[in-house]
There are 2 protein chains.
Amino acid sequence: MSDARNRLLGTASRLFYGEGLHSVGVDRILAEAKVTRATMYRHFAGKEDLVLAYLAEADRATRQNVDAGVAAATNDADAVRAVARGIAGHIQIEGFRGCAFLNAVAEYADPAHPVHRAVQAHRQWFLDTVTDLLARVGNAPAELDGRHFVMLRDGAMAAGCLADPGPIGDTFCEAVEGILRARTS
Amino acid sequence: MSDARNRLLGTASRLFYGEGLHSVGVDRILAEAKVTRATMYRHFAGKEDLVLAYLAEADRATRQNVDAGVAAATNDADAVRAVARGIAGHIQIEGFRGCAFLNAVAEYADPAHPVHRAVQAHRQWFLDTVTDLLARVGNAPAELDGRHFVMLRDGAMAAGCLADPGPIGDTFCEAVEGILRARTS
DNA sequence: AGGTAGGGAGAACGTTCTTTCTACTTTGAG
DNA sequence: CTCAAAGTAGAAAGAACGTTCTCCCTACCT
């Protein structure tokens, strides 16, 4: 795509994630991306469209990470561990500010809003993916364990930017091992 | 306290929690609380002060709930269960919109900001409280289990307004039972 | 050669935001 | 009775917001 559009989306993503959706104004994005107003409105219908594009990109990146982790695993339990390790690693990154999607719903509470719906869709995919993965480990139904995994993930992502992320990541991986242990025993 | 101040804080809390901190303007609060601008600025230094008062009230209410649950329990494990049941019950409430504190940090990312610091302080109290409670169950060190409990809580609170809260609450209580089981065995 | 898409530069729109101000009224305690 | 605190009412300042607009330039495609 166009260079200006890339700069725009990249800058917007960085600012939105780092400082919040409502805290960052269009002027800020324009100035830091070195793109003019007219160009932005040529590529995006408005600020909300930019937010949706930011979330779509985050969704794409997450799916890619999960797929890569799963593909590299040699068995089903290790596939779950790979997803868990990906999350534990993610929260250690410098500049980690929590889950982009959970942060977004905090600012767009209305369930009918496109931003809220995009978050719901992403979360449904993640829950389904994790539940499918867990269903392949052992024979028990995986719905409860899938919700359990997502719950741990959400908690780890939320706490990762509010406390020392090292112990948080360890606690998370340990808890996921507990889920796997219960399914294989 | 003064009646106008109560109406102001009550209305602000309802709107802040339900729609977000930055989404709600002072005009909205003034109109719904039926309080004039001058009165508000007599009681609060500004909007940020109102946000801090809202969080302080939420902090007070949470501590009271936890204390009440713990006081009513007949043994240490039941005290933990009481806190867990309180959380599971909380996410079922009509109009539940997630954790007020996690939602607040999503909008105030700067760690030096008073709002962010108020959230940190609340979370530190909760982690310490839960860890102390868990330390009384069994003999093992409780730091990891304390973090594990808080992680589950954060996840349950985050997911509670994005999916059917019933199964979320059940999954949460089940997971807490797992922690207790591991400490007593 | 000419048309079209993409981008730069900047003025301007109307709205909303938080905050401050003046002026008048009510109320309760000393 | 009086004074001060707390409330009502509304104007207004000044900034920031998202959006729309016009005008001009460049590059590419046919």
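Before we start, a word on how to read the model. This is a predicted model, in which local features need pLDDT of at least 70, side-chain atom pairs count only at pLDDT 80 or more, and totals for chains, interfaces and linings use all residues. Residues are numbered from 1 along each chain as its sequence is written, while chains are lettered from A and ligands numbered from 1 in the order in which they are written.

Begin with chain A. It has nine helices and zero strands; here helices are DSSP runs of H or I with at least four residues, strands are runs of E with at least two, and both are numbered from the N terminus. The C-alpha atoms of chain A fill a box of roughly 60 × 30 × 30 Å along the principal axes. Of its 185 residues, 41% count as buried. A residue is called buried if 20 or more other C-beta atoms lie within 10 Å of its own, exposed if 12 or fewer do, and partly exposed in between, with C-beta atoms placed from the backbone. Take the contacts in chain A between residues at least 6 apart in sequence: 64% of them join residues at least 24 apart. A contact here means that the C-beta atoms of two residues, placed from the backbone, lie within 7 Å.

Now bring in the partner. How is chain B placed relative to chain A? A rotation of 180° with 0.0 Å of shift along its axis superposes chain B on chain A, with an RMSD of 0.0 Å. The two copies are therefore related as by a two-fold rotation axis. In chain B, the C-alpha nearest this axis belongs to B:Gly155, at 2.0 Å. Both copies use the same surface, since 100% of the contact residues of chain B recur in chain A.

Where the chains meet, 35 residues of chain B are in contact with 35 residues of chain A. On the chain B side, α1, α6 (100-107), α7 (114-135), α8 (143-159) and α9 (165-184) each supply at least two residues. The largest share, twelve residues, comes from α8(B). By class, this side of chain B divides into 16 nonpolar, eleven polar and eight charged residues. In this sorting, Ala, Val, Leu, Ile, Met, Phe, Trp, Tyr, Cys and Pro are nonpolar, Asp, Glu, Lys and Arg are charged, and the others, Gly among them, are polar.

Let's look at α8(B) itself. Of its 17 residues, 15 are buried. One residue in this helix is B:Leu152, which counts as buried because it has 26 C-beta neighbours inside 10 Å. Leaving out residues up to four places away in sequence, B:Leu152 touches A:Met151, A:Leu152, A:Gly155, B:Phe172, B:Ala175 and B:Val176. B:Leu152 and B:Phe172 are 20 residues apart in sequence, yet their C-alpha atoms are 6.5 Å apart in space. B:Phe172 also has a contact across to the other chain, with A:Met151.

A residue is near a strand if its C-beta atom, placed from the backbone, lies within 6 Å of it. Two or more residues each come from α2 (26-33), α3 (37-43) and α4 (47-72) of chain A, together with α1 (3-19) and α3 (37-43) of chain B. The largest share of this surface, five residues, is from α3(B).

DNA strand C is surrounded by 20 residues, the closest being A:Ser2, A:Ala4, A:Ala38, B:Gly25 and B:Gly46.

Definitions and conventions. Copies are superposed by least squares on the C-alpha atoms of residues with pLDDT of at least 70 in both.
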